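Let's walk through this model together, with the sequence and the 3D view open side by side.

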Amino acid sequence: MALDRIEENELIARVQNGDVTAFAHLVKCYSEQVLTLVSRIVGSRGDAEDIAQEVFIKVYKGIPKFRGDATFSTWLYTIVKNSCYSYLQKKRPQMISLDEDADVLNSISVLYPEEIPETIETRMDFQNTVMECLKKLPPKYNMVMHLFYYQQFRYTEIAEILQIPLSTVKTHLHRALKALRIEVVKNLENYATKGAE
Amino acid sequence: MNCDDIIELYQKLLRSELLPDELQMLEGHVSKCKECQNALSWDRAMVSALQRAEPVAPREDFVTEVFRHLPQPNVSLAHKFVHEIVIFTALIFAGAGMALLWFGLLQDMQPDFISITMRYSGNLIDNLKSFSEIVSGISFSQDIWTAIPAQFAWLFWIVFAGSTYFIVSALFPLVPYSVKK
């Protein structure tokens, strides 16, 4: 349920005046997007529901101080990012510290199979593989891939959400794609090997 | 133009946002670079798979659950029930006012105020008195302007008008400056 900027500002003003119906409407508009992103970052549906609820509770508490310097969605997604990272810090600290070393990634020069598995396997298998491999990436790469290619945010918005420089957004995207390619090919090769067995 | 120079173009291509001249620039490089050519077909397929992925729908009670966990404001009992207190007080005053009118217990109002009231309310007071007698079966032997001292008469009318306004606005929220909970 997309809101345009004017509708969104009116809704926020009403929430700031204490209108709980407006807040419920805001939650309904953004709950699917938030839950989708959170579940793809943290992996577990149950935990994702809890984190998504926590996000909206933080929105409710913080909205009186929201001045509109950033758009509401960039502010909201900043909260989403912080909540996801806090969760991962506690549950899977190794994922936060994992970082594909730039030199290592750059040194990998792989000639990928020319035939995309999408033409060999079913679309669903390939899609499932891609989605599973995304979860294995460092959270910052997974997050930036979703924000750019799925949520369609601009570079500047992603920079604001992740609180990183603009150039870093582009670099993260570039490395994320490369890391994802490597992971997907590895996964499909394993799948093909098991299939042959 | 090398591979690093086309990173942004490449990313825009994957979002189908390239302008024609940008597309030409990118194609120029890709046609000469085997690695980018090879990677591009994979990246297109992967990004397409991501963009086609089904969103995760929240449970039906998601909004209810959020509300259940919202912090309750720390308010005093009086603040919490201010709406009910206002309406209850308004009811008391309006009820008292109606009772006084019903039983004709107002006394010694300023004569000029009585005449003004009578002039603008027409026969309202007399009609109200007649209606009361018909409904209650009680005949008013007293003049309705008896009992309460004149100096309180103004206060009485202001409070009575205010109380009536509160009750009407609570029942009909579209009235301007309605009493809101």
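In chain A of this predicted model, confidence is lowest in helix 6 (residues 102-107), at a mean pLDDT of 48, and highest in helix 10 (residues 155-162), at 95. Here pLDDT is the predictor's confidence in each residue, from 0 to 100, and helices (H or I, at least four residues) and strands (E, at least two) are DSSP runs, numbered from the N terminus. Over residues 97-104 of chain A the pLDDT is below 50, and in the model this stretch has ten contacts beyond near neighbours in sequence; a contact means heavy atoms within 4.5 Å. Where pLDDT is low, the predicted coordinates should not be read in detail. For chain A as a whole, the mean pLDDT is 83, and 79% of the residues reach 70 or more.

Residues are numbered from 1 along each chain as its sequence is written, while chains are lettered from A and ligands numbered from 1 in the order in which they are written. Because this is a predicted model, local features need pLDDT of at least 70 and side-chain atom pairs count only at pLDDT 80 or more, whereas totals for chains, interfaces and linings use all residues; side-chain values use heavy atoms, with hydrogens and water left out.

Now turn to the place where the two chains meet. Chain A brings 53 residues to the contact and chain B brings 36 residues. About 4100 Å² is buried between chain A and chain B, and carbon and sulfur atoms give 65% of that area. Buried area is the accessible area (1.4 Å probe) that two parts lose on being put together, summed over both. Twelve residue pairs are in polar contact between chain A and chain B, with both residues at pLDDT 80 or more. A polar contact is a pair of N or O atoms within 3.5 Å; within protein, one must be able to donate a hydrogen and the other to accept it, and residues adjacent in sequence count only if both atoms are side-chain atoms.

Which helix of chain A gives the most to the side that touches chain B? Helix 2 of chain A does, with eleven residues. The residues on that side of chain A divide into 31 nonpolar, nine polar and 13 charged. In this grouping, Ala, Val, Leu, Ile, Met, Phe, Trp, Tyr, Cys and Pro count as nonpolar, Asp, Glu, Lys and Arg as charged, and the others, Gly among them, as polar.

Charged pairs come next. Side chains of opposite charge can pair when their charged atoms come close. A salt bridge is a side-chain nitrogen of Lys or Arg within 4 Å of a carboxyl oxygen of Asp or Glu, and the structure holds 13 salt bridges over all chains. Two salt bridges are counted between chain A and chain B. One salt bridge is formed by A:Lys170 and B:Glu8, whose closest N and O atoms are 2.7 Å apart. A:Lys170 lies in helix 11 of chain A and B:Glu8 in helix 1 of chain B, so the pair joins two chains. B:Glu8 is partly exposed, with a relative accessible area of 33%; buried means under 20% relative accessible area, exposed over 50%, and partly exposed in between (1.4 Å probe, protein chains only).

Within chain A, the side chains of A:Glu183 and A:Lys136 meet in a salt bridge (4.0 Å, N to O). This pair links distant parts of the chain, with A:Glu183 in helix 11 and A:Lys136 in helix 8, 47 residues apart. A:Glu183 counts as buried at 17% relative accessibility, whereas A:Lys136 is partly exposed at 43%.

Finally, have a look at chain B, with its nine helices and zero strands. Buried residues make up 33% of its 181 residues. B:Glu22 lies in helix 2 (residues 20-30) of chain B and is buried, with a relative accessible area of 14%. Leaving aside neighbours within four places in sequence, B:Glu22 is in contact with B:Leu9, B:Lys12 and B:Glu17. In the loop between helix 1 (7-14) and helix 2 of chain B you will find B:Ser16, which has a positive phi of about 55° although it is not a glycine. B:Ser16 counts as exposed, at 66% relative accessibility.
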